[in-house]
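The sequence and the structure follow.

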Amino acid sequence: MTTTTLTATTLTATTPTGPVVVGVDGSTSAEYAALWAAKEAVVRNAVLRLVYAADEDDTDINQTMAEARTALHRAWEAVTDTGAEVKLESEILFGEPVDCLVAASRGASMLCVGAGEGRGATSAALAKRAAGPVAVIRRRTPEPLSLRKWIVVVLDETDSALDALRAAMREAGLRDAPVLVLESWSHGRHTDTANTARHPVRTVLEEYLTGPGASVDVQLSTLPMPTHLLHLLHQCVSIDQLLVVAADHHALVEELTSPRAREILRGTDCSLLFTR
């Protein structure tokens, strides 16, 4: 395993970016997702947009609107109670939840949803269909994590892996967490270290490891990618807070949104971030 510590500058964006969108449904898990997303919005200098998807076929529109407003108010209040300096917006959309949130993700910096019971199909569909990054948030309490739990990122030699690596490093700086890189090339057939044989993701990772590419204070370690990621996750889930993978790594997305993965992650603080 390779380990290094990087020295940093700043994280906060100086110009506004697209909103950070949170799917709100009145559940506690959605409120925790809003709290997690608030940090994202602050550091990105972005609006935090709370979105409620209402059933357009409901016959009692007044009741539907009342439930939507209550859910949005609870999430809004949870965020403002933290004292976070973030601009909040809320919106009620009508239609299927996945369709509504996919639409809301267009132009957004990130889409965040809670990983509550019975929401596995929704989060799986969003991971595959959303227009931008999707975070599926698991938290047992609204309090910040007291331990410096790991952020784990899976890298292969594809262009999308660069986005995953940079997202993991950004999250590590934001959440004061170490990063573990699971890389696919150490035990592969191509171990040539010549620059001409490397994919750019390997060069960027080396820059992070050696210092020139550093932008945040982060402890960074690397390990070869295990054959069965879920086995590793099962063993280490109590010490991980976020697993980052590229959304176009379709086999991994399927694995991490499967019933088996949801069972492993149930009752933990380990969230998922699918980058694109």
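## Terms and basis

A crossing is left-handed if the near helix is turned anticlockwise from the far one by less than a right angle, and right-handed if clockwise. Helices are DSSP runs (H or I, at least four residues), numbered from the N terminus. Two packed helices are described by the angle between their axes and the distance between the axes.

This is a predicted model, in which local features need pLDDT of at least 70 and side-chain atom pairs count only at pLDDT 80 or more, while totals for chains, interfaces and linings use all residues. Residues are numbered from 1 along each chain as its sequence is written, and side-chain values use heavy atoms, with hydrogens and water left out.

## Helices α1 and α2

Helix α1 spans residues 28-44 and helix α2 spans residues 61-80; their axes come within 9 Å and cross at roughly 40°. Axes here are lines fitted to C-alpha atoms, for helices over the stretch in contact, with angles from 0 to 180 degrees between N-to-C directions. The two helices α1 and α2 are therefore oblique to each other (under 35 degrees counts as roughly parallel, over 145 as roughly antiparallel, 65 to 115 as roughly perpendicular and the rest as oblique). The crossing of α1 and α2 is right-handed.

On the α1 side, the contact (heavy atoms within 4.5 Å) is made by Thr 28, Glu 31, Ala 34, Leu 35 and Ala 38; α2 supplies Arg 74, Ala 75, Ala 78 and Val 79. The residues of this α1 and α2 contact divide into six nonpolar, one polar and two charged. Ala, Val, Leu, Ile, Met, Phe, Trp, Tyr, Cys and Pro count as nonpolar, Asp, Glu, Lys and Arg as charged, and the others, Gly among them, as polar.

## Helices α1 and α5

Helix α5 (residues 159-175) packs on α1 at an angle of about 100°, with the axes 11 Å apart. α1 and α5 are therefore roughly perpendicular to each other. Trp 36, Lys 39, Glu 40, Val 43 and Arg 44 of α1 meet Arg 170, Glu 171, Leu 174 and Arg 175 of α5. By class, the contact of α1 with α5 has three nonpolar, no polar and six charged residues.

The charged end of Arg 175 sits over the ring of Trp 36, 3.9 Å from the ring centre. A charge sits over a ring if NZ of Lys or CZ of Arg is within 6 Å of the ring centre and within 35 degrees of the ring normal.

## Helices α5 and α6

The axes of α5 and helix α6 (residues 200-210) are 9 Å apart, at an angle of about 20°. That makes α5 roughly parallel to α6. Their crossing is right-handed.

Ala 161, Leu 162, Leu 165, Arg 166 and Met 169 in α5 meet Pro 200, Val 201, Val 204, Leu 205 and Tyr 208 in α6. The contact of α5 with α6 has nine nonpolar, no polar and one charged residues.
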